[in-house]
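Open the model in your viewer and keep the selection tool ready.

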Amino acid sequence: MKDSLKVAAWEISKMLRNKSFLISILLAPLIMVMFSALPALMAQVEEDRGLHLYIIDEIGIYEALAEHAPALNIVLERHRGDVATVRAQISGQQDRAYLLLDENVLATRRATIVLGGDGRPTLTVFNALLESLLRQVALQRQGLEPVAIASAMATFSIDIASLTQAGDPLARAVPAVFSAIILFGVYITGMMILQSAVAEKKDRMAEIILSSVSAESLMQGKLLGYSVLGLLQIFSWLVFGALIAQHSYNIPVFTHLWTPAFPLLLFFAIMGYLLYAAILVAIGATIDDMATTTNFQSMIMMAISTTMTWLDILLPSVFLLITLWVVTKLAGKIFRAGMLMYGKNATPTEMWKWLGR
């Protein structure tokens, strides 16, 4: 165990001095910031810029539109001329547009806002208002009374409820996102341990290391060291993500994350990673070139239910621990023989023979 801890400390120290690893810790949060903040920033820019919309109204809904337009950051102006005139007036201007409301709009059930320049302003709320008013006009043309039109236009709310899940959708969404972060961290860290084994074998460094420690200690040290590195990555991503969610969207991440199911999720994540990593480090010992590692880049999935009993938790946990112990022992045999084999990749037949030793 002492040798394993030395190997783990060496792996951690080596990776913490690796610029690419440190960049990867910061890169993922920066990508999260970019993808979360950029769309909101662009939408805010478009909203702040506003839009001057000329309306050619032939069906009588301009007043109703004008009543709500100021709250939508849209300046409406009735255009008394024809389409050709307004097109020439707004051509080349990004903050100008026109809308033709005629009988053809009611017949085809399609209206088009024509922009004078490039860009796509945010008009979701305005479009919903316009659609509602056009529906009312279409119903009036059918001879319906105002009371009947109001009843037909009233919206219905469709909700989803569960007998076993809390009403707040964030109670399920936050752990799901956390699981995705763990999944990504396990995948990245697993590939690092695979590539580390291949690199040490190719550089003949394995011979030097194995002269000081046993193959089992080397493999266990790698598993332990990269586990710590993986947890460091996941923790940094989680903190950055929680801060962004709290600041930008007012989502209390940790409130929804620290639930009774969290320790269980963390247990399966760590044990699953160790199982995954043990297989990869054994595979890495049998590969002679880095290009072959791409054939072993696979994903793992994990899920958690809200209706599990203690038996549902206990049996998979025991099975996972037993499987981890067996796989680690078998992986150790492959690792011991594979790290000292050079010049070619091990065949399945050779690996089977190593397992029988």
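Contact here means heavy atoms within 4.5 Å. Helices (H or I, at least four residues) and strands (E, at least two) are DSSP runs, numbered from the N terminus.

This is a predicted model: local features need pLDDT of at least 70, side-chain atom pairs count only at pLDDT 80 or more, and totals for chains, interfaces and linings use all residues. Residues are numbered from 1 along each chain as its sequence is written, and side-chain values use heavy atoms, with hydrogens and water left out.

**The whole chain**

Select everything. The protein chain holds 14 helices and 4 strands. Of its 357 residues, 38% count as buried. Buried means under 20% relative accessible area, exposed over 50%, and partly exposed in between (1.4 Å probe, protein chains only). Now take contacts between residues at least 6 apart in sequence: 77% of them join residues at least 24 apart.

**Stop one: two helices that cross**

Two packed helices are described by the angle between their axes and the distance between the axes. Select residues 310-338, helix H13, and residues 348-355, helix H14. Their axes come within 9 Å and cross at roughly 115 degrees. Axes are lines fitted to C-alpha atoms, for helices over the stretch in contact, and angles run from 0 to 180 degrees between N-to-C directions.

Which residues meet here? From H13, show Leu-330, Lys-333, Ile-334, Ala-337 and Gly-338. From H14, show Met-351, Trp-354 and Leu-355. This contact divides into 6 nonpolar, 1 polar and 1 charged residue. Ala, Val, Leu, Ile, Met, Phe, Trp, Tyr, Cys and Pro count as nonpolar, Asp, Glu, Lys and Arg as charged, and the others, Gly among them, as polar.

**Stop two: Asp-102**

Go to the loop between strand E3 (96-101) and helix H5 (103-108). Asp-102 sits there. Asp-102 is buried, yet has no salt bridge. A salt bridge is a side-chain nitrogen of Lys or Arg within 4 Å of a carboxyl oxygen of Asp or Glu. The nearest side chain of opposite charge, Arg-141, is 9.7 Å away. Lys and Arg count as positive and Asp and Glu as negative; His and the chain ends are not counted. Not counting residues up to four places away in sequence, Asp-102 touches Glu-58 and Ile-59.

**Stop three: Arg-109**

Move on to the loop between H5 and strand E4 (113-115), and pick Arg-109. Is Arg-109 buried or exposed? Arg-109 is exposed, because its relative accessible area is 60%. Its phi is near 60 degrees, a positive value in a residue other than glycine. Most residues other than glycine have a negative phi.

**Last stop: Lys-14**

Select helix H1 (residues 2-16) and find Lys-14. Lys-14 has 26% relative accessibility, so Lys-14 counts as partly exposed. Leaving aside neighbours within four places in sequence, Lys-14 is in contact with Ser-196, Glu-200 and Tyr-226.
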